[in-house]
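Reader: I'm new to this one. Could you walk me through how to read it?

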Amino acid sequence: MATIIYDDETTFDALKDKTIAVMGYGSQGHAHARNLHESGLNVVVGLRKSSSSWAKAESDGLKVMTVDDAAKAADVIMILLPDEKQAATYYSQIEPNLKAGNALVFAHGFNIHYNQIVPPKDVDVFMVAPKGPGHIVRRTYTEGIGVPGLIAVYQDATGKARELALSYAKGIGATRAGVYETTFREETETDLFGEQVDLCGGLSSLIKNAFEVLVEAGYQPEMAYFETCHEVKLIVDLIYEGGLERMWHSVSNTAEYGGMTVGPRIINEESREAMYVALERIQNGEFAKEFILEGMVNHPVLKAMERQEKEHPLEIVGKEIRANIPWLNKKIDDD
Ligand SMILES: NC(=O)C1=CN([C@@H]2O[C@H](COP(=O)(O)OP(=O)(O)OC[C@H]3O[C@@H](n4cnc5c(N)ncnc54)[C@H](O)[C@@H]3O)[C@@H](O)[C@H]2O)C=CC1
Ligand SMILES: CC(=O)[C@](C)(O)C(=O)O
Ligand SMILES: [Mg+2]
Ligand SMILES: [Mg+2]
């Protein structure tokens, strides 16, 4: 079983006299920088001069510098740039400014595990990976709670890497929900598997296919949307809070019997085999290579798929429905 560390077992001691550079101000970057800052730690944000986030981070009360200058100023450098862009920025702007005893930190093990960033031996390298989207890392922190986190130490040059990781996890609020120890390999492979097979890939594909079947069978798109998409959150909330047991308890006997007997015919042996294939491609580096090459040519596949997805009837009808439900129409980064 995993070791779990909670808030009262951690302190800010390892970080209190250090400067932390948070590189990037996207989903994770804005959450880490703001949470660490509000936890009383010394934070600078590293961005490109041209970045539209520069003004936003400043208006959030943070000190902003170029990536170069932030790397120079910092003892602890958290890299929250897109995974496929980290290596180029690291080699041109971060590594030349690293000093012995600095710490290099990641929220996902991708670049270390797949050998895209090979750090010098005299720096600490560790991970603090929230198990949730950045906007939720921020929202839960402001509510006095947090998102569970993983820590892993890849390289411990100073003998303080684990302590630094725990202080950082405390600073973003993760220790409030519990921090679990893992390795770079385990985090990278399970995280990629989760987002491809279940959380993002499997779920969106399930929703779209179920929606398409109902619409093709002649039902109104609004009915199809409510059934196959809107209600997902309401069901998932029950699972999140109390496991499958709470969900089965809350739905009707009809839904429980129908769900338990038909579910395994939908996600079946064939789907399970596809999951094993996805896992193998993660483990043998094939997925990583494909994604890195896609990034090098400016994401032609990703951009085309994003466009197609936006045009999907599910997204069109969903937008109209959500526009009529006031609390659903907020921008995601209204925090
Ligand atoms: N999105 C999420 O909730 C989660 C992300 N992670 C990890 O966190 C890391 C960051 O991911 P996201 O927050 O999703 O990224 P993002 O795409 O939301 O934000 C990236 C940020 O980097 C900036 N940026 C891009 N290229 C740059 C460059 N060349 N120089 C300087 N700044 C640049 C962008 O302007 C933006 O502020 C990744 O390692 C990811 O795997 C881990 C857990 C969850
Ligand atoms: C939000 C999260 O943890 C993901 C799905 O792994 C990611 O955004 O990479
Ligand atoms: Mg994840
Ligand atoms: Mg991920």
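Reader: Where does UniProt place the feature "binding site"?

Author: UniProt positions follow the numbering used here, with feature names shortened, and annotations may be inferred rather than shown by experiment. In this case an unreviewed UniProt entry puts "binding site" at Asp191 and Glu195. Keep in mind that this is a predicted model, where local features need pLDDT of at least 70 and side-chain atom pairs count only at pLDDT 80 or more, while totals for chains, interfaces and linings use all residues. Residues are numbered from 1 along each chain as its sequence is written, and chains are lettered from A and ligands numbered from 1 in the order in which they are written.

Reader: Is Asp191 buried or exposed?

Author: You count other C-beta atoms, placed from the backbone, within 10 Å of the residue's own: 20 or more is buried, 12 or fewer is exposed, and in between is partly exposed. Asp191 is buried because it has 20 of them. Glu195 has 13, so it is partly exposed.

Reader: What does Glu195 touch?

Author: A contact is two C-beta atoms, placed from the backbone, within 7 Å. Leaving out residues up to four places away in sequence, Glu195 touches Cys200 and Gly201.

Reader: How many residues surround ligand 1?

Author: A residue is near a molecule if its C-beta atom, placed from the backbone, lies within 6 Å of it. Here 23 residues surround ligand 1, and the closest are Gly24, Gly26, Ser27, Gln28 and His108. At least two shell residues come from each of α1 (27–38), α4 (83–94) and β7 (124–130).

Reader: And β7, which strand does it pair with?

Author: Two strands pair if DSSP finds at least two bridges between them. β7 runs antiparallel to strand β8 (residues 149–155), over 6 bridges, with Pro130 opposite Gly149. On to the next strand: β8 pairs in the parallel sense with β9 (residues 179–181) over 3 bridges, and there Gly149 stands opposite Val179.

Reader: How many helices and strands are there in the protein?

Author: The protein has 16 helices and 9 strands. Its C-alpha trace spans about 65 × 45 × 40 Å along the principal axes, and buried residues make up 32% of the 335 residues.

Notes:
Helix = DSSP H or I, 4+ residues; strand = E, 2+ residues; numbered from the N terminus.
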